[in-house]
Structures are given as C-alpha cells and as structure tokens.
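Here's a quick briefing to read alongside the model. Have the viewer open as you go.

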Amino acid sequence: MGMMIAALLVMIVIGVPIAVALAGSSLLFLLVGSWTGEVTTPVITVIHRMVNGVDSFPLLAVPFFIMAGNLMNSSGITKQIYDFAVAAVGWLKGGLGHVNVAGSVIFAGMSGTAVADAGGIGTIEIKAMRDHGYGTKLAVGLTAASSTIGPIIPPSLPLVIYGVVANASINALFVAGIIPGLIMAVVLSGTVVIYAHRYGIGRDASFKLSRLGWSFVNAFLPLLTPAIIIGGMSFGLFTPTEAAVFACAYALLLSVVIHRVFNVVLMARGQRPRYSVLSMRQFIRVTMDTIETTAVVLFIVAGASIFGWVLTTTRTTDALGEWIITYAANPVTFLILINIFLLIVGCFMETIAAITILTPVLLPVAVQLGIDPIHFGIIMVLNLMIGLLTPPVGMVLYVLKRVANISLEECMRACAPWLVPLLLVLVLITFVPETVLWLPRFLKELGYL
C-alpha cells in the first residue's frame, strides 16, 4: 500500500495525467501483490472496476451540462445575460464589478463549471472592465472569484460527481447549493463596494427602466433555464440527468431555432439581425469540445474508482478514519482540519479526482461525527473551488491567463486578495450548517424532495 501511494505521488509530481497516475498506481499494487502472494485479485479487475466506476446513470448529466454551457458560450447567449446584468446592476458604484458577479450567478444556473464561466462570460467581463478603465488585476481577480459560484449554484458537475460517489441525493445537493451560492455573490459584491470606495470607482451605466425592461425581454428565454432546471427537479418533474438533457436541448433550441426566428422578424421590419445563430461548423466544434472534456472527466472518475476500490478492500479507509478520529474527536475540530486539508489538496489535485478519491475516506468519518452528508458535500466542493484559484494546478488561473493575455504570476497576484471573501464564506457555511441545510429540509417537509 505504501508503494502504491508513493507511486501515485511520484507520477503526479513528474506530470503524469492524474487519471493515468491513479489507474497506474492501482495496477502496480495488484501486480506487486500478486508476485508476493499477498493479493489474489486478478489484474483484469482494474478494467472491470474502471468500467463500473463510470457505469452510472447520474453521470450522464456530465456531458449534457458541459454541452449546454458550450452551446450558450458559442451562440451569444452569454452576451444577452451580460447585457441584462449591466442594465440591472451596472448603475451601482463599482458597476461592472457587480455586473461581473451577477453575470456569474445567472450563468451558474446554466453551466455548472467554474472553467466554463471563466472562459465564457468571463471573457466578456474582463474586456468590458478593461474598456471602462478598470485595472486588469481587479478584472481578472474578480472574474476568477465569481467563477467559483458556478459549481455551487445548481446545476453543478462537482456535486453530481459527489452525489454519485457518496450515494447522496443529487436533488438535495443542488438545492443545498442555492443559499451558499447567493451568500458568495453578496460577499463578493460587498468586496466590490469596498474596492469602489477605496479607489474611487464610479458607476458605469445610468439606471433606465426602459433599458432594463428591454434587456430583460431580450434575455428572458435564457433566464428561464435555471428556473426550469431547479424548479423541475425540486417538484419532481425530472431527475438531474433529465434536467441536463433538457438544458442541452433548450440551449440548442435557443441558439438554432429561436435566434433564427428573431432575426427573420427583425429583417422583416427592416432592421439588422442581432442574434447569433449556431452554424453547423460551430455545432461540430462544440460537440468535439464536449466529447474531449467529458472523456477527460470520466477517465479521471474511472481511474479514481479503481484507486478507491483498492483503498476500501484493503481496509485502508477504515484505518485512516480511525486515525482521523483520534486527532479530531469532535465535529468542530474535524471540520477545521478537513478544511485545511482540502484547501491544500485543491492546490495540487484536480477537482473531480479529489472528490472521487477522498469522499469514500472522509465521508464515513463525517457521518460518524454527526455531520450531514449534504453539508459535507457543499463544504468539500467549495474548498476545491477555491483550489482552482491557487497554483500549481488551479485551472481557472490558466484559463484567465490566456483570456487576459497576462503571465501566470500576474494572474496569481490578481486572484490572491479575492481568496479572503471566499474563505469567509467557507467559514460561514462550515460552522453555520443551516445556511446549507435549511432550504433542502424545508422543501423536503413540503414533499418536494
């Protein structure tokens, strides 16, 4: 077992893809164990367990939510969302900063990944903030911080993975993320206010009811997406997987049919078409991007499945659980240590891999200490989302480095101050469980969950 862990760490350090490192170290364990006679499990078990790890109906939500986000980014829907956010909150002091946060909240209800937010609507936000005189450091840092809202407010790919691994209700996890996500938005907007007063940042748009009304009408159909997804799951109209299929189909309907009809109406009135219609070439590119991203995610899940199986069958998880309880005999101490541990893990490990490896180890201990699995899931995901803003593995850093055309060091310095409000939210949801559990409990009492 020590050799397996050492092999995993060495492969990660030398840059081997995390999925290969997980599967390879597990294979090494079985090979060495069979040679020494300590393990009787055949090596072919690696293939069986990897296949079983991704043979899950809820995991079908992964490609469809990814494709829905890609379709919205490619068809101009994110621009409609951004224009509505500008009309709604751009008139506040530090206007485009609030727009940045509001845009991420809305887009979070459609995509479910921080990287999609940063690379999609984040591209529009950074350019607009630069054009209005905001410093690149502020634009990049705020965009990075607001992108972490995406996987907290439903739908959320990390919460889908956690729900599958933990055998927890994905519906309840999605509902549980709503209040923490909104708290994140409020805290980030409050930080924008502090920046605005400190650096004399003014308003970027005057409030006009007509402009707000027109932008709302223009963005109404995209804005329906999160409402339909969350409402449909809460009222039992469809499962999270079916919600992902709906989100993808709805995004395709908007970007191909509805936008084309709107353009025809505009041209009939003698106006220029203003809506982007998804072309076949764009659709093929979106499909290929979705296939590539899905393959990477599911390969990591498969690799982590065999690794987790080895840890479980050798009772390593039980030993680790007993060791943790020795040093964290009460929930408060446990949560403090786990938050520190997960923040460190988030710096070095990809989110999906961390969830699939650590959940089977940590969740039984959390449950034994009386911590709700739903509460623990939100804590874990938020910790790992903060890790996306920290080197060396932080994916959001690399996305925004490319989007803003700055060095990785500049991107890291820009993100550093925004870790403070995110950590404050983490402390709040960790030690005030009702911020996470109240809404799912309320809906369950009403019979909707």
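Which element gives the most to the lining of the second largest pocket? That's α15, with six residues. Keep in mind that this is a predicted model, where local features need pLDDT of at least 70, side-chain atom pairs count only at pLDDT 80 or more, and totals for chains, interfaces and linings use all residues. Residues are numbered from 1 along each chain as its sequence is written, and side-chain values use heavy atoms, with hydrogens and water left out.

**The pocket**
- The second largest pocket has a volume of about 300 Å³.
- Of its 15 lining residues, G53, V165, A304, S305 and W309 are the closest to the centre.
- Two or more lining residues come from each of α3 (45–54), α10 (157–166), α15 (280–313) and α18 (351–368).
- By type, the lining splits into six nonpolar, seven polar and two charged residues.

**N100**
- N100 sits in helix α6 (residues 95–108) and counts as buried (under 20% relative accessible area), because its relative accessibility is 0%.
- Its side chain makes a polar contact of 2.8 Å with the side chain of S146.
- Leaving aside neighbours within four places in sequence, N100 is in contact (heavy atoms within 4.5 Å) with E125, M129, A139, L142, T143 and S146.

**S215**
- S215 belongs to helix α13 (residues 209–234) and is buried too, with a relative accessible area of 7%.
- A polar atom of the S215 side chain lies 2.9 Å from the backbone oxygen of L212.
- Beyond neighbours within four places in sequence, S215 is in contact with D83, F84 and A87.

**Terms**
- A polar contact is a pair of N or O atoms within 3.5 Å; within protein, one must be able to donate a hydrogen and the other to accept it, and residues adjacent in sequence count only if both atoms are side-chain atoms.
- A pocket, on a 1 Å grid over the protein atoms alone, is an open set of points where a 1.4 Å probe fits, with protein on both sides within 12 Å along at least five of seven lines; lining residues have an atom within 4 Å of a point.

Definitions and conventions:
Helices (H or I, at least four residues) and strands (E, at least two) are DSSP runs, numbered from the N terminus. Buried means under 20% relative accessible area, exposed over 50%, partly exposed in between (1.4 Å probe, protein chains only). Grid points are joined across faces, edges and corners, and a volume is the space filled by probe spheres set on the points. Ala, Val, Leu, Ile, Met, Phe, Trp, Tyr, Cys and Pro count as nonpolar, Asp, Glu, Lys and Arg as charged, and the others, Gly among them, as polar.
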